[in-house]
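Have a look at it, then read on.

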There are 4 protein chains.
Amino acid sequence: MKGRVVSEVSIIPIGTGNTGLSSYIASCLKVLEGIEDLSYRLTPMGTVIEGPLDKLLAAVSEMHEVPFSKGALRVVTYLKIDDRRDKPSTMDSKVESVHKLQPSIEV
Amino acid sequence: MKGRVVSEVSIIPIGTGNTGLSSYIASCLKVLEGIEDLSYRLTPMGTVIEGPLDKLLAAVSEMHEVPFSKGALRVVTYLKIDDRRDKPSTMDSKVESVHKLQPSIEV
Amino acid sequence: MKGRVVSEVSIIPIGTGNTGLSSYIASCLKVLEGIEDLSYRLTPMGTVIEGPLDKLLAAVSEMHEVPFSKGALRVVTYLKIDDRRDKPSTMDSKVESVHKLQPSIEV
Amino acid sequence: MKGRVVSEVSIIPIGTGNTGLSSYIASCLKVLEGIEDLSYRLTPMGTVIEGPLDKLLAAVSEMHEVPFSKGALRVVTYLKIDDRRDKPSTMDSKVESVHKLQPSIEV
């Protein structure tokens, strides 16, 4: 059963001369706000995105262009896709299934 | 200035015959509960860990052994380290610096 | 200048009950053989693919389906894209530029 | 049976003002030349390293410091460890096991 995947994306401009990346990340996230069918959550190390695989790939492709449009000349993008088809899997259910086994962990 | 790094770790047992990984992840996280100086947070796609680099590497090494101790014969571990030395950087400050620029994003 | 990107993809079926992944990888690579405009090279830790970004994403999407078609119920796919637009960059040029600086390194 | 792991490391300095990373990579690789027990191979997207896990982690820790010693103020390091304990696994055997199944693939 092909459904929603849970993924994480991280987009890094190289050679911008600035150690801070927040403004690039904020602009990349604007892309996600406009896309129906995709849920997302910013974490300290990337952005978790949930939705249909084709919509996800189209969004990542668009996000990847954002740093270039802001002047970057090299961009490295990381994408990790977790696609489970034996039962529905969501951002929340993935964390909950671990938390249920060990309630003391921090989420 | 060498300080605390922010990282993400993901540990996957291969060939266990089970699509679910929650019990492995829960056991790996127990390692972190016993280590002073490390903060962590479970996300849908990995575990974010913050602390000194040497303590982090020792913890990841220990976490990597956990699936073997539960019977796995192959383990693939992913580690991403973000180490910023021009100013302090934490799990919370990284997310906040983006959120401040774009308050509508979900964190 | 939008040109060819260099990328690395790694596709892991979860819960197959077999520690070996070679047959899955071999089938995924068959997808690449049929696609013009993409060059690739198998390494010990993944497959390096070079070509236009849109062709790459279409290929990765197709490769990601392969383990499911062979019976897997969960697949984790990693993709790293290195996109440089200030000058052409290829699989070979990336390695050569390092090798030129340090001829003793093994490639 | 705890033996040699196969891994891939990628070390990226952030905010250096230069899109090229070759000089940083070349310096990181010098660390590996001095370490017995570790084999390595530079690929277009990272460096594959083979050896005992503790030696590997010590080397990655040392490599991670190199860009800082060259002036970088932020470094992002990626490490992927593939640890198989049911049978010996090497850089070469991993590629060969796929190549044997599909001799037409490029390695």
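## Charges and ground rules

Before counting charges, a word on what counts: Lys and Arg are positive, Asp and Glu are negative, and His and the chain ends are left out. Each charge is placed at NZ of Lys, CZ of Arg, CG of Asp or CD of Glu. On that basis, chain A carries 13 positive and 14 negative side chains, with the centres of the two sets 3 Å apart.

Keep in mind that this is a predicted model, where local features need pLDDT of at least 70, side-chain atom pairs count only at pLDDT 80 or more, and totals for chains, interfaces and linings use all residues. Residues are numbered from 1 along each chain as its sequence is written, chains are lettered from A and ligands numbered from 1 in the order in which they are written, and side-chain values use heavy atoms, leaving out hydrogens and water.

## Chain A on its own

Going from the N terminus, chain A reads β-α-β-β-α-β-α. That's three helices and four strands, taken from DSSP runs (helices: H or I, at least four residues; strands: E, at least two). Along the principal axes, its C-alpha atoms fill a box of roughly 45 × 35 × 20 Å.

Of the 107 residues in chain A, 61% are buried, meaning under 20% relative accessible area with a 1.4 Å probe, protein chains only. Take the contacts (heavy atoms within 4.5 Å) between residues at least 6 apart in sequence: 67% of them join residues at least 24 apart.

## Where A meets B

Chain A and chain B each put 36 residues into their contact. Together they bury about 3,100 Å², with carbon and sulfur atoms giving 61% of that; buried area here is the accessible area (1.4 Å probe) that two parts lose on being put together, summed over both. A:Leu42, A:Pro44 and A:Met45 supply 23% of what chain A buries against chain B, more than any other three residues.

## Chain C and chain A

Chain C can also be laid on chain A by a turn of 180° and a shift of 0.0 Å along the axis, with an RMSD of 0.0 Å. That is how a two-fold axis relates copies. Within chain C, C:Leu79 has the C-alpha nearest the axis, 2.5 Å from it.

Technical notes. Copies are superposed by least squares on the C-alpha atoms of residues with pLDDT of at least 70 in both. Buried means under 20% relative accessible area, exposed over 50%, partly exposed in between (1.4 Å probe, protein chains only).
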